[in-house]
Amino acid sequence: MCEEMKATVQNCVQSPRHSKEALNRLNQAIQQLKTGPRELEKAKDVEAQQDVASSSAKGKLAWLEAALQKAKQEMARQLREYQELMIVKLGLDFEIATYRRLLEGEEQRLCLGLGAGSAAPGSDVPGGPGVCSRGPDMSAPSGVCALCSSAGCAGGFGCLGLREC
């Protein structure tokens with residue numbers, strides 16, 4: 001019996017300790033349950049802020065993509081316009097070169113066909129190669145320049161605007 005009493009006393013002494021520990025655990029659980037909803041609300045607020053920021057970023061991204069697409073279309077339009085202008089320029093360059101060759105050929109024909117005093121293309125006459133450096137054609141019946149039909153023409157701007165006569 002003595003042993004039973006000792007065991008009962010020991011159980012009674014240990015029982016409050018166990019009860020106290022259990023009570024502490026329950027208090028901690030209660031505290032966690034009280035703070036849980038607050039933390040959950042904070043988490044929901046953070047999530048809502050993230051959703052707003054995400055939708056704002058998505059909107060900005062969509063706007064930037066639209067601006068990029070518009071810029072690409074504008075660049076493609078300008079490239080087509082540039083290519084069209086280059087085709088026109090090349091055509092004009094070709095036409096200018098053709099007229100220049102025709103004009104030079106006509107000048108040479110007129111200069112070579114005048115007779116005495118005319119310079120052959122490439123000769124060392126003042127004015128350089130290919131330039132007809134004579135004054136008015138005195139052998140002509142009227143005494144006028146064969147290129148511009150002007151008496152006393154010394155070439156210059158009035159004579160086809162390019163070369164001396």
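Helices (H or I, at least four residues) and strands (E, at least two) are DSSP runs, numbered from the N terminus. Keep that in mind, and start the tour.

**Before you click**

This is a predicted model, where local features need pLDDT of at least 70, side-chain atom pairs count only at pLDDT 80 or more, and totals for chains, interfaces and linings use all residues. Residues are numbered from 1 along each chain as its sequence is written, and side-chain values use heavy atoms, with hydrogens and water left out.

**Stop 1: the whole chain**

Select everything. The chain has one helix and zero strands. Its accessible surface comes to about 13,300 Å² (Shrake-Rupley method, 1.4 Å probe; for residues, only the protein chains shown count as cover). Carbon and sulfur atoms own 61% of that surface. Of the 165 residues, 10% count as buried. Buried means under 20% relative accessible area, exposed means over 50%, and partly exposed lies in between (1.4 Å probe, protein chains only).

**Stop 2: colour by confidence**

Colour by pLDDT, the predictor's confidence in each residue, from 0 to 100. The chain mean is 75, and 67% of residues reach 70 or more. Select residues 123-131. pLDDT stays under 50 there, and the model has 13 contacts beyond four places in sequence for this stretch. Next, select residues 133-141. Here too pLDDT stays under 50, with 21 contacts beyond four places in sequence.

**Stop 3: Glu74, Arg77 and Glu81**

Show these three side chains. Which kind of network links Glu74, Arg77 and Glu81? They are linked by salt bridges, each a side-chain nitrogen of Lys or Arg within 4 Å of a carboxyl oxygen of Asp or Glu. Side chains of opposite charge can pair when their charged atoms come close.

Go to Arg77 and Glu74. Their closest N and O atoms are 2.5 Å apart. The two are three residues apart in helix α1, so about one helical turn separates them.

Then go to Arg77 and Glu81. This salt bridge is 2.9 Å, N to O. The pair is four residues apart in helix α1, so again about one helical turn lies between them.

Check the surface view. Arg77 is partly exposed at 35% relative accessibility. Glu74 is partly exposed at 33%, and Glu81 at 38%.

**Stop 4: Val88, Leu92 and Ile96**

Select these three. They form a nonpolar patch on the surface, with about 270 Å² of accessible area together. Patches are made of residues with over 30% relative accessible area and no salt bridge; like charges are joined within 9 Å, nonpolar side chains (Val, Leu, Ile, Met, Phe, Trp, Tyr) within 5 Å. Zoom in on Ile96. It lies in helix α1, residues 2-112. Its relative accessible area is 47%, so Ile96 counts as partly exposed.

**Stop 5: Glu106 and Arg109**

Move along to Glu106. It forms a salt bridge with Arg109, with the closest N and O atoms 2.4 Å apart. Both lie in helix α1, three residues apart, about one turn of the helix. Glu106 is partly exposed, at 33% relative accessible area.

Zoom out to finish: the structure holds four salt bridges.

How values were computed. Contact means heavy atoms within 4.5 Å.
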